[in-house]
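Subject: Structure handover

Hi,

Here is the structure you will be working with. Please open it, then read my notes below.

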Amino acid sequence: MRLFLLFFAVGVLLLLLQTTFLHLLPIGPVVPDLVLVLCVYLGLHHPTVGAALGSFLLGYSIDVVSSRMLGLNAFAMSLVFLAVYLSSRSIWLHHPVVSSLVVFLAALVKGAALVLAWVVFLSVDSFWMGAARYIITEALTAAVLAPLVFYLLRRGEQFTMRFRAPAQ
Amino acid sequence: MLAFLRKNQVPLSSCFCVLLSIYILTAGARGQLRNEPLGAVVMWILRPLQVVSQGTVNWISGFRDNYDTLSGFKAENERLRKRVQNLEVERQKHLEAEATNHRLQQLLALRSHLSGTAITASIIANSATSWFQSCLLDKGSADGVRKGMAVVTPLGVIGQVVAVTVRTAKVLLLTDANSGIDVLVQRTRSRGIVSGSLENGTVLKYMKRSEDVQEGDRLITSGMDGVFPKGLMVGAVIKVRKQHLGLFQFVEVLPAVQSARTEEVLVVAADNGAAKN
């Protein structure tokens, strides 16, 4: 329950950051995808049914707030969680460079999922070069921020677990 | 069977989420998603938090702009630093109130030029992803906002309402790749469609090679799409390139309104938002 509340609060906070404060940064139209980093963290460190549903809901929340079509980011985040979960058993996690690399690759998976969904459900001109640019820049910004977000999440978990319920 | 399900519950639930999102996508593409309560719940949770967050962001932006202006007086103001700090706080409050008043006066003037219903709203959030250009308004169906309404400012067009909950509305900006606004070149009255693009910024599409379009030309709404009132500023032409092949020329547009710097907007009904002049 404590962890659920922690990740729920973190998910809401990251969504708020992506829709408000991160737009103050002078990095052009790119918005660092911190929600993606959270989904990767859940896939690596908390591979549970709740985390799978949480990734879906995080993507769905992004769709509700920003996206042209409902289900687009829900599809992408669910796919990212699944891909990270399936590959997590062969990844050594305890190094910032590895976490950055995992997030970078997860961002490429997300980008590929979004491109697939766009091609099927939306018809847009001049798409491919722009999509490639957005995928690469989003992947790089997410990978750069991943070690910090991972560190803060681990500290948050340690802080939460300190408050154990008293024994009956 | 149960053992298999128990052993693979995480990947199975993850696959279920993927399939569910595909179902939502296909239902949305077919227009079958009319009432989806989950989105309303998400907005009910996020809206008050986003109002507070955006207010803080607006305060930070305003304070930063004022600080840049005053930095040239730093040496002179050193001996009066304490008094200046107190006066700066007061000045910030008054400047913000004055700027808000000025913006609202402009909105009121625009509103008087538009026939029919116009609803004033504030932008409380920008897009959470780089792939879509959108923003959230703090007014929804309870305030009279409906899907398809135009969103404008005194400087020009912002976009169109594409989704509405009880207390919020999502606006697709004109810089989004999925948008399309019917415009006229003010000088020559040539018609085209302004839309965003993932590759080339904002562009004016379907402008034939024979049409006269020059850098600096102003683009205004044509009123022909039944969404935007006629005569509102959309943007200005910044680049024209006639390619060797093809029916159309490439025209790049600088939008008149930067949504990131906009706080208050007018939401105008599509069918009766014609400008009085």
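First, a term you need: two strands pair if DSSP finds at least two bridges between them. Strands (E, at least two residues) and helices (H or I, at least four) are DSSP runs, numbered from the N terminus.

Now the ground rules. This is a predicted model, in which local features need pLDDT of at least 70, side-chain atom pairs count only at pLDDT 80 or more, and totals for chains, interfaces and linings use all residues. Residues are numbered from 1 along each chain as its sequence is written, while chains are lettered from A and ligands numbered from 1 in the order in which they are written.

**The barrels of chain B**

Chain B has four helices and twelve strands. Six of the strands close into a barrel in the order S1-S2-S5-S4-S3-S12. The pairing there is antiparallel. From one strand to the next, the twist averages 45°. (Angles run from 0 to 180 degrees between N-to-C directions, and axes are lines fitted to C-alpha atoms, for helices over the stretch in contact.) S2(B) and S5(B) are joined by four bridges. Ser134(B) faces its opposite number, Leu172(B), in S5(B).

Another closed barrel of six strands runs S6-S7-S8-S11-S10-S9 in chain B, with antiparallel pairing. Its neighbouring strands are turned by 45° against each other on average, direction ignored. Look at S9(B), residues 218-221. Three bridges join S9(B) to S10(B), residues 233-241. Three bridges also join S9(B) to S6(B), residues 181-185. Which residue stands opposite Leu184(B) in S9(B)? It is Ile220(B). Ile220(B) also has a bridge partner in S10(B), namely Met233(B). Arg218(B) stands opposite Ala236(B) in S10(B).

**Core and contacts**

A residue is buried if 20 or more other C-beta atoms lie within 10 Å of its own, exposed if 12 or fewer, and partly exposed in between; C-beta atoms are placed from the backbone. Of the 277 residues of chain B, 37% count as buried.

A nonpolar core is a set of buried Ala, Val, Leu, Ile, Met, Phe, Trp, Tyr and Cys residues joined through C-beta atoms within 7 Å. The largest one here has 119 residues. Val40(A), Val80(A) and Val267(B) have the most contacts inside it. Helix H4 (residues 72-88) of chain A gives the largest share of this core, twelve residues.

Two residues are in contact if their C-beta atoms, placed from the backbone, lie within 7 Å. Leaving aside neighbours within four places in sequence, Val40(A) touches Val80(A), Val84(A), Val102(A), Val103(A) and Ala106(A).

Where the chains meet, the contact takes 49 residues from chain B and 52 residues from chain A. H2(B) gives the most to the chain B side, with 15 residues.

**Confidence**

pLDDT is the predictor's confidence in each residue, from 0 to 100. Chain B has a mean pLDDT of 84, and 92% of its residues reach 70 or more. Among its elements, strand S5 (residues 169-173) has the highest mean, 94. Helix H4 (residues 81-113) of chain B has the lowest, 80. Over residues 272-277 of chain B the pLDDT is below 50. Where pLDDT is low, the predicted coordinates should not be read in detail. The model scores ipTM 0.82 and pTM 0.69.

Best wishes
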